[in-house]
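Let's take a walk through this structure together, starting from the inside and working along a few helices and strands. Keep the 3D view open and turn it as you read.

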Amino acid sequence: MKTIEQHQHLSSNESGETYVPAVHMIGNAHLDPVWLWQWQEGYAEIKATFRSALDRMNEFPEFVFTCAGAAYYQWIEENDPAMFAEMTARIAEGRWVIVGGWWIQPDCNLPSGESFARHSLYGQRYFLEKFGLTAKVGYNVDSFGHHAMLPQILKLSGMDYYVYMRPEEHEKSMTGNLFWWESQDGSRVMTYRIPRGYNTHEFRTSEPKIYDVMEIAKEQCVDQMCFYGVGNHGGGPTIANLHEIRVVSEKIGQEEVILSSPNVYFERMKKLKPPIPILVDELQHHASGCYSTHSETKASNRRAEHRLLTAEKISTVAYRLLGHTYDPVSFRKAWECVMFNQFHDIMGGCSIKEAFGDARESYGYALQVGAVALNAAVQKISWAIDTSRPGITYLDKNQDRTLWEQNDQGIPVVVFNPLSWDVTAPVVVTQHMKGITDESGRPVDLQHVRASRTNGNDKYDTLFMGAIPAMGYRVYWIFRNKEFAAGSHSVAASSGIAVSTGSLSAAANSLENEYVRLEIEPHTGYIKSLFDKREGVELIDGRGAVPIVVDEHDSDTWGHGIFQYRNELGRFTDAQVKLIEDGPIRAMLRITSCYGHSAMRQDFTLYRNSADVKVRVKLDWHEKHKMLKLSFPVKVDEPQATYEIPYGFLQRPVNGEEEPGQQWVDVTGTATYHSATEGEVTGKCTCGLALLNDSKYSFDVKENDLRMTLVRGAIFADHYGERDDLCEYMDQGEQQFAYTLVPHAGRWQEAGVARKAFELNVPPVHIVETYHKGSLPQSSCGISLSSDQIIATVFKRAEDGDGYLLRCYETSGNEAETTIELPMLGRTWTAHFGPCEIKTFKLPDLADLPIQETNLLEL
């Protein structure tokens with residue numbers, strides 16, 4: 001929801017003196033390190049721009065330069081120490097002003113909440129280390145929209161102010177350029193929208209722009225900022241710019257045209273206290289097509305974010321339990337790659353084709369760093385677990401494991417859960433086994449599933465459901481030849497409570513368990529019915545999972561000026577439906593369909609103990625100037641659409657506009673429910689359908705029709721240029737991704753949708769071990785949170801090397817009191833969370849020192 005107070009005129013200051021609004025001239029160079037060029041050219045462009053800014057300071061003693069982006073400063077420090085020393089002196093003098101506080105100017109919709117936190121952590125700490133200060137003004141002048149939780153993230157990063165430009169006036173009407181921006185937790189930052197552009201284009205004069213902004217200042221009765229300097233490919237303020245400003249200032253008066261900085265501007269506004277409006281909303285929309293351009297980069301981003309967070313958690317646990325090496329420098333360098341690739345023209349998918357090859361390389365580096373760190377930590381812990389078993393002959397770890405296996409005494413598999421709650425999830429061991437037990441010897445059901453290999457007769461893996469403690473691990477035992485009757489129950493990870501196994505059945509076109517029934521229409525491959533047996537409610541209105549091809553020939557890469565993509569050209573059809581798994585744990589239907597030169601395979605999976613329908617998609621796309629969406633019309637009245645945003649959520653209108661989202665979107669409303677036995681209408685209930693995903697960021701909901709954008713066949717970096725047959729099209733070829741349908745009664749909060757989305761994106765990690773003595777037990781819980789509303793996203797070593805950092809956030813929009821326990825640290829405390837509040841706790845190494853609540857900078 002949005003709340004905007006009416007703008008009031010400011011005619012005098014607190015002393016009663018007449019107030020004359022001024023124009024603050026902001027000398028800057030918008031620097032795109034990547035866009036229509038690769039990063040190597042951007043590197044050179046930044047050096048030239050910074051050299052130019054220093055030269056202008058020598059020539060014009062009144063000149064002040066403003067610049068964001070810690071990555072740029074680091075490049076100069078590494079490549080030209082002498083220039084870096086000059087910059088340091090000018091920063092100390094106050095004429096070179098650091099703003100932004102982030103590693104780069106990222107896309108401000110698509111990175112995860114924790115990625116924004118890392119931009120602040122690494123960016124602000126870099127500035128503090130090198131220059132003895134941190135940025136006070138958040139600064140993303142070219143990003144394509146700004147999510148609604150940014151005010152809280154900015155405040156927790158030491159920034160009380162924010163500057164942006166997009167969406168501009170024609171995209172989002174505002175009562176004034178200066179306003180208070182407030183997030184759902186109540187955090188508020190003074191925010192300014194740049195009028196008339198963030199730079200002075202080459203060969204254009206800045207004088208008319210100054211007069212234009214001066215008129216805006218008079219109309220709105222408040223100071224305005226006027227940005228000047230050649231930008232995008234760098235350049236910065238020119239000699240001509242500065243001479244023009246001198247001329248205008250002499251004509252009008254130096255008090256009305258000021259060479260200034262965002263810091264000075266906001267300090268002046270803070271002092272004057274103008275009665276500006278309050279906005280409680282997101283800042284959208286600009287370049288809506290960028291939510292879905294270049295699927296590979298977006299998928300790599302999601303994967304790298306979770307890989308690094310998981311590696312940090314398990315490495316921290318291994319450090320605490322076993323003294324394992326924790327390498328913050330390696331993690332920081334990996335995060336630097338991820339953050340750089342979140343630059344708005346990279347993650348927004350609107351750069352040249354070659355730039356995405358560079359992004360692939362740096363994402364690969366980050367993923368490899370995470371993989372190596374994760375493997376080392378997992379194996380450090382698993383090697384220290386006592387896998388000897390009472391009553392079984394113990395073999396030394398150095399002896400041949402063949403002897404053990406010949407006796408079929410079992411092979412230990414250690415399964416790790418990086419999430420902050422107990423998780424029951426599928427585990428697939430790449431071996432064909434006949435029996436599985438937990439660490440106490442209780443039998444566990446298994447199912448043989450087709451492996452990726454075809455090695456003679458050895459082409460099946462072994463699937464079982466692992467129940468793993470929160471941020472902990474559990475040992476399971478797999479047997480090559482022994483079989484066990486698992487019976488009618490399995491055991492939950494922490495409580496030992498039996499969980500019903502339920503029933504599961506499959507037919508040629510349907511899957512069913514005790515919770516839901518899924519029916520597929522054979523000739524189309526669409527969902528014909530998704531019936532929630534618990535509530536007696538049909539959740540699909542007509543047909544669901546419909547692959548709809550949308551015309552976007554008139555759209556450029558960004559989607560400028562386009563807010564809806566609903567011009568349907570056709571649908572994937574001519575389907576083949578095949579039952580490929582039918583076991584005691586899960587059943588799977590494979591639907592293959594086609595359109596034009598493209599084909600799509602969807603594997604619909606239903607597990608015995610879950611109402612959720614999991615879908616794995618393999619898409620081979622060869623369409624140009626076309627977009628592909630999956631449609632899920634939800635059979636509810638008065639639908640409400642809620643989207644996950646970074647470290648929060650937002651309810652948006654169901655008007656069909658393309659919207660950015662993160663790991664889940666939900667549509668909830670009222671539905672008619674039927675008698676389970678008679679099928680008669682018996683009343684109304686609140687229910688809904690959540691759509692989870694592992695790599696997509698673009699959605700729309702029109703009335704009750706929820707759609708997820710899968711792919712665009714757009715031209716690389718095409719801004720309505722002259723198209724020919726040599727144009728390069730993105731996303732041609734094969735990609736794979738996953739989504740999950742979560743039927744639920746009540747609201748999405750009651751269904752645990754936020755947690756389920758994390759479970760899709762962060763599966764358990766396992767390692768096949770051997771047999772040895774050790775200091776650790778076969779099951780261990782790492783964390784306990786008493787409130788289901790709270791998720792812990794970060795557990796790592798503190799940046800200063802003293803203690804641990806735990807970051808949590810509230811997920812439901814309601815206040816919560818939670819008791820937090822970290823058994824490995826011997827720490828327990830209670831914390832109060834406001835709605836959507838982010839909290840960071842520092843736990844010193846010395847147990848007698850108190851736990852401190854800190855900010856995102858750990859300062």
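In this predicted model, the largest nonpolar core is made of 149 residues. Which residues have the most contacts inside it? They are F50, Y73, W96 and L806. As for helices, α12 (residues 353-383) gives the most to this core, with twelve residues. If you're wondering about the general background, nonpolar side chains in soluble globular proteins tend to be buried together.

Click on F50 for a moment. Leaving aside neighbours within four places in sequence, F50 is in contact with L31, F65, C67, Y72, I76, M83, M87 and W96. There's also another core lying apart from the largest one, with 51 residues. Among them are L539, L606, V636 and L689.

Is α2 mostly covered or mostly open? Covered: seven of its ten residues are buried, namely A70, A71, Y72, Y73, Q74, W75 and I76. And what do these buried residues pack against? Their partners are α1 (39-59), β2 (65-67), α3, β3 (96-98), α4 (113-131) and α10 (328-341).

Let's zoom in on one of those partners, α3. The axes of α2 (residues 70-79) and α3 (residues 81-93) come within 6 Å of each other and cross at roughly 130°. An angle like that makes α2 oblique to α3. On the α2 side, the contact is made by Y73, I76, E77 and N79, while α3 brings P81, M83, F84, M87 and I91. Sort the residues of this contact by type and you get seven nonpolar, one polar and one charged.

Strand β33 (residues 659-660) runs antiparallel to β36 and is joined to it by two bridges; here E659 stands opposite F699. Strand β37 (residues 705-712) is also antiparallel to β36, with four bridges joining them.

Finally, follow the chain from β36 into β37. These strands form a hairpin with two residues between them. In that turn you'll find E703, which has a positive phi of about 55°.

Technical notes
Residues numbered from 1 in each chain as written. Predicted model: local features only at pLDDT ≥ 70, side-chain atom pairs only at ≥ 80, totals over all residues. Heavy atoms only, no water. Axes fitted to C-alpha atoms, helices over the stretch in contact; angles between N-to-C directions. Parallel < 35°, antiparallel > 145°, perpendicular 65-115°, else oblique. Contact = heavy atoms within 4.5 Å. Nonpolar A, V, L, I, M, F, W, Y, C, P; charged D, E, K, R; others polar. Pairing = 2+ DSSP bridges. Core = buried A, V, L, I, M, F, W, Y, C linked by side-chain atoms within 4.5 Å. Buried < 20%, exposed > 50% of the residue type's maximum accessible area, 1.4 Å probe, protein only.
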